[in-house]
Structure formats: structure tokens, C-alpha cells
Amino acid sequence: MTTVGAGSAGLAAGLEIALSLDLRDLKCPLPVLRTRRALESVPAGGVVQVLATDPAAEIDFPAFCAMAGHELVAANTVNETLEFLIRKGSGPADGAALAEE
């Protein structure tokens with residue numbers, strides 16, 4: 001795990017990052033699909049940092065987090081790079097719980 005100090009730039013300042021994913025230049029749906037797969041290896045409560053450049057990610061990641069039971073801690077855009085911090089929820093990482101309702 002990586003701890004990003006409070007003096008660091010970006011959204012992750014002061015958070016312990018369990019995993020950082022550089023998904024820039026990938027197009028929808030790959031950023032979300034790769035994040036979903038990567039979250040399987042992160043314990044509940046762990047924070048994943050995602051960097052993406054696909055404009056659709058601004059819509060996709062909040063929807064993914066809501067459906068899968070994860071918390072979108074923060075989202076930011078710097079130049080053309082979108083940064084998301086996602087705290088893994090305790091439920092399934094694929095949204096299966098919502099599909100049953």
C-alpha cells in the first residue's frame with residue numbers, strides 16, 4: 001500500500017492507497033471493467049486511485065460505484081486526466097446485489 005502525504009498534490013493527499021490504476025487512453029467500457037477486476041484483490045475499505053482520459057468515465061465511475069456498493073471518495077480533472085478515488089464497499093464488486101432486487 002502507498003500512503004500519499006498531506007503535502008502531495010492530487011486527490012489522494014493523506015489517504016492510504018491500496019492500488020493505483022493508470023487507465024489513461026482506454027475507452028469505455030475498459031476503465032470500469034479493469035477497475036472492477038482490480039477491486040477483487042483489494043480488501044473492503046481499501047482505496048483505489050484510478051487515472052483515466054475517457055470522457056465517459058465522468059459518468060461511468062459514479063454509476064459503477066453506486067451500483068456495486070463502493071464509495072466514490074473524490075473525483076477531479078487535471079488537464080485531460082480524470083482522477084477517481086474509490087473506497088471498496090463490503091458488498092460484491094460486480095453489482096450483483098442490485099440485480100437481485
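Which residues of helix 1 are buried? In this predicted model, in which residues are numbered from 1 along each chain as its sequence is written, local features need pLDDT of at least 70, side-chain atom pairs count only at pLDDT 80 or more, and totals for chains, interfaces and linings use all residues. Side-chain values use heavy atoms, with hydrogens and water left out. The buried residues of helix 1 are P31, V32, T35, A38 and L39, where buried denotes under 20% relative accessible area, exposed over 50% and partly exposed in between (1.4 Å probe, protein chains only). These residues lie on the same side of helix 1, because they cover an arc of only 125° around the axis; the arc is that of the directions from the helix axis to the C-beta atoms. An α-helix has 3.6 residues a turn, so residues three or four places apart point the same way.

The protein chain contains 3 helices and 5 strands, which are DSSP runs numbered from the N terminus (helices: H or I, at least four residues; strands: E, at least two). Along the sequence, the pattern is β-β-α-β-α-β-β-α. Of the 101 residues in the protein chain, 36% are buried.

The buried residues of helix 1 pack against strand 2 (16–22), strand 3, helix 2 and strand 5, contact being defined as heavy atoms within 4.5 Å. The axes of helix 1 (residues 30–39) and helix 2 (residues 57–68) come within 10 Å and cross at roughly 35°. Here, axes are lines fitted to C-alpha atoms, for helices over the stretch in contact, and angles run from 0 to 180 degrees between N-to-C directions. P31, V32, T35, R36 and L39 of helix 1 and D60, F61 and F64 of helix 2 make this contact.

Helix 2 has 12 residues and reaches 16 Å from its first C-alpha to its last, close to the 16 Å expected at 1.5 Å a residue; the expected span is 1.5 Å times one less than the number of residues. Within helix 2, the buried residues are A57, F61, F64, C65 and A68. They are placed on the same side of helix 2 because they cover an arc of only 95° around the axis. The buried residues of helix 2 pack against helix 1, strand 3 (47–52), strand 4 (71–78) and strand 5 (81–87). On the face of helix 2 turned away from its buried side are the exposed residues I59, A66 and M67. Just after helix 2, G69 adopts a positive phi of about 85°.
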